[in-house]
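Please read it with the coordinates open.

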Amino acid sequence: MTIVRAEPDGGTRGPDAEAVTVSEAEAVTGTEAVNEGEETAEETAEVPGALPEALTGFVGYLLRRVFARFAASSDGPEDGSRDFLVLDALTGGDWASQLDLAERLGINRTLMVGVVDRLEGRGQVLRTRNPDNRRRYILSLTDEGRSAVEAGRRAVAERDARLTAVLTPEEVSRLNALLARLLPPGTQDLVRGTGHLVAQAQHRLRRLGDEKLAGTGLRVRHYGPLSLLAASGPCPQQRLAQELAISGPATSQLVDELVAGGMVHRGRDPHDRRRHALELTELGHTQLKRVAEAVHLLAAETAELLGPGGEDELRALLGRLLEPAHPGAAEATATARRD
């Protein structure tokens with residue numbers, strides 16, 4: 001698929017005057033362009049309950065759970081969050097390349113087209129040709145855009161205060177500083193607010209993990225169900241959903257992926273022949289070793305980004321944020337740290 005826009009002079013342009021294909025977008029942000037809607041549905045489908053102890057030792061997993069809680073509590077569509085990120089980034093001055101800004105903010109190219117189109121249509125952003133490179137467009141904030149940023153910052157501050165009410169102001173400040181370390185250096189000064197930092201850090205860790213599994217048909221999110229099935233043996237799908245603390249539809253999506261990949265078999269429950277039970281195939285055990293290696297490499301990379309003591313500190317803070325929906329989350333992270 002190629003996205004091309006008509007110009008008033010009869011010409012055409014894609015973002016920054018380049019036609020953008022889905023494969024090009026994937027090259028920038030992994031498979032996010034194709035699977036972002038699918039990921040969002042799966043990641044925000046958490047339900048209250050105890051989190052799996054085998055997973056709470058991973059910052060990436062806890063961050064994903066916090067992201068799910070924040071997303072479920074957010075006001076308005078995800079598009080509004082992206083729009084604000086772009087407007088806020090432009091408060092520091094004009095941006096010489098739409099594509100460069102998209103990469104800095106972790107927004108794939110195809111989505112960035114829609115974001116800038118909306119902002120331009122509202123009169124909040126002005127897009128003009130770059131005199132040094134006629135194929136690119138400079139993004140500038142208008143007076144309407146500055147007013148939108150001011151209102152947006154107030155809304156973000158109110159939302160963040162509500163979502164982080166269990167933390168002190170000093171703890172929130174420390175949480176934000178640690179989350180910023182998980183972003184690329186060129187992005188750290190562009191993203192403000194706990195909710196946006198959580199989202200950007202979560203998206204980046206997911207991409208880093210999935211990149212380690214490129215070409216295998218595996219995703220980092222497969223580690224949880226595969227490892228739980230390996231530990232429990234044949235398991236009804238309902239119990240797997242309870243163990244993962246995610247909804248039935250989200251569990252079905254994960255299981256369908258694993259069954260289609262030949263990693264999980266739907267057999268009969270040995271304790272109740274009327275029910276189906278899930279169990280790993282031989283390929284599933286092999287693939288679990290592969291995804292586990294990627295997850296542990298990602299954990300080591302995350303610890304390095306956070307610096308000495310940062311991993312334990314961030315785990316503790318994320319555990320506190322999860323406590324309202326998942327009692328014992330903070331204790332679980334402390335146990336994982338001791339182990």
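**Notes on the predicted model**

1. **Glu301 and its contacts.** Leaving aside residues up to four places away in sequence, Glu301 touches Leu208 and Lys212. This is a predicted model, so please read every value here as computed from it. Glu301 sits in helix H13. Its relative accessibility is 27%, so Glu301 counts as partly exposed. Between Glu301 and Leu208 there are 93 residues of sequence separation, yet their C-alpha atoms lie 9.2 Å apart.

2. **Overall make-up.** The chain holds 15 helices and eight strands. It has 339 residues, and 49% of them count as buried. Take the contacts in the chain with a separation of 6 or more: 63% of these join residues 24 or more positions apart.

3. **The nonpolar core.** The largest nonpolar core has 80 residues. Which of them touch the most other members? They are Val86, Leu101, Leu105, Leu226, Leu314 and Leu318. Helix H13, residues 282–306, gives the largest share of this core, with eight residues. In soluble globular proteins, nonpolar side chains tend to be buried together.

4. Not counting residues up to four places away in sequence, Leu226 touches Leu218, Leu258, Met263, Val264, Leu280, Leu288 and Val291. Leu226 is also one of the buried residues of H10.

5. **Helix H10.** This helix is mostly covered, with seven of its 10 residues buried. Which residues are they? The buried set is Tyr223, Gly224, Pro225, Leu226, Ser227, Leu228 and Leu229. After H10 comes Gly233, with a positive phi near 75°.

6. **H10 against H11.** Helix H10 covers residues 223–232, and helix H11 covers residues 237–244. They pack at an angle of about 115°, and their axes are 11 Å apart. The crossing of H10 past H11 is right-handed. On the H10 side, the contact uses Gly224, Pro225, Leu228, Leu229 and Ser232. On the H11 side, it uses Arg239, Leu240, Glu243 and Leu244. By class, the contact of H10 with H11 has five nonpolar, two polar and two charged residues.

7. **Ala245, for a backbone check.** Ala245 is not a glycine, yet its phi is positive, about 60°. Where is Ala245 placed? Its place is the loop between H11 and helix H12 (248–260). Is Ala245 buried or exposed? Its relative accessible area is 1%, so Ala245 is buried.

8. **Salt bridges: Asp83 with Arg122.** The model has 17 salt bridges. One joins the side chains of Asp83 and Arg122, at 3.2 Å from N to O. This pair links distant parts of the chain, 39 residues apart. Asp83 belongs to helix H4 (residues 78–89), and Arg122 to the loop between helix H6 (109–121) and strand S5 (125–130). Asp83 has a relative accessible area of 4%, so it is buried. Arg122 has 43% relative accessibility, so it counts as partly exposed.

9. **Salt bridges: Arg127 with Asp117.** The side chains of Arg127 and Asp117 also meet in a salt bridge, 2.9 Å from N to O. Arg127 is in strand S5 and Asp117 in helix H6, so the bridge ties together parts 10 residues apart in sequence. Arg127 is buried because its relative accessible area is 7%, under the 20% cut-off. Asp117, at 28% relative accessibility, counts as partly exposed.

10. Arg315 forms a salt bridge with Glu311, and their closest N and O atoms are 3.4 Å apart. Both residues lie in helix H14 (residues 310–322). They are four residues apart, about one turn of the helix. Arg315 has a relative accessibility of 6%, so it counts as buried. Elsewhere, salt bridges that share partners join Asp83, Arg118 and Arg122 into one network.

Notes: Residues are numbered from 1 along each chain as its sequence is written. This is a predicted model: local features need pLDDT of at least 70, side-chain atom pairs count only at pLDDT 80 or more; totals for chains, interfaces and linings use all residues. Side-chain values use heavy atoms; hydrogens and water are left out. A nonpolar core is a set of buried Ala, Val, Leu, Ile, Met, Phe, Trp, Tyr and Cys residues joined through side-chain atoms within 4.5 Å. Buried means under 20% relative accessible area, exposed over 50%, partly exposed in between (1.4 Å probe, protein chains only). Helices (H or I, at least four residues) and strands (E, at least two) are DSSP runs, numbered from the N terminus. Contact means heavy atoms within 4.5 Å. A salt bridge is a side-chain nitrogen of Lys or Arg within 4 Å of a carboxyl oxygen of Asp or Glu. Axes are lines fitted to C-alpha atoms, for helices over the stretch in contact, and angles run from 0 to 180 degrees between N-to-C directions. A crossing is left-handed if the near helix is turned anticlockwise from the far one by less than a right angle, and right-handed if clockwise. Ala, Val, Leu, Ile, Met, Phe, Trp, Tyr, Cys and Pro count as nonpolar, Asp, Glu, Lys and Arg as charged, and the others, Gly among them, as polar.
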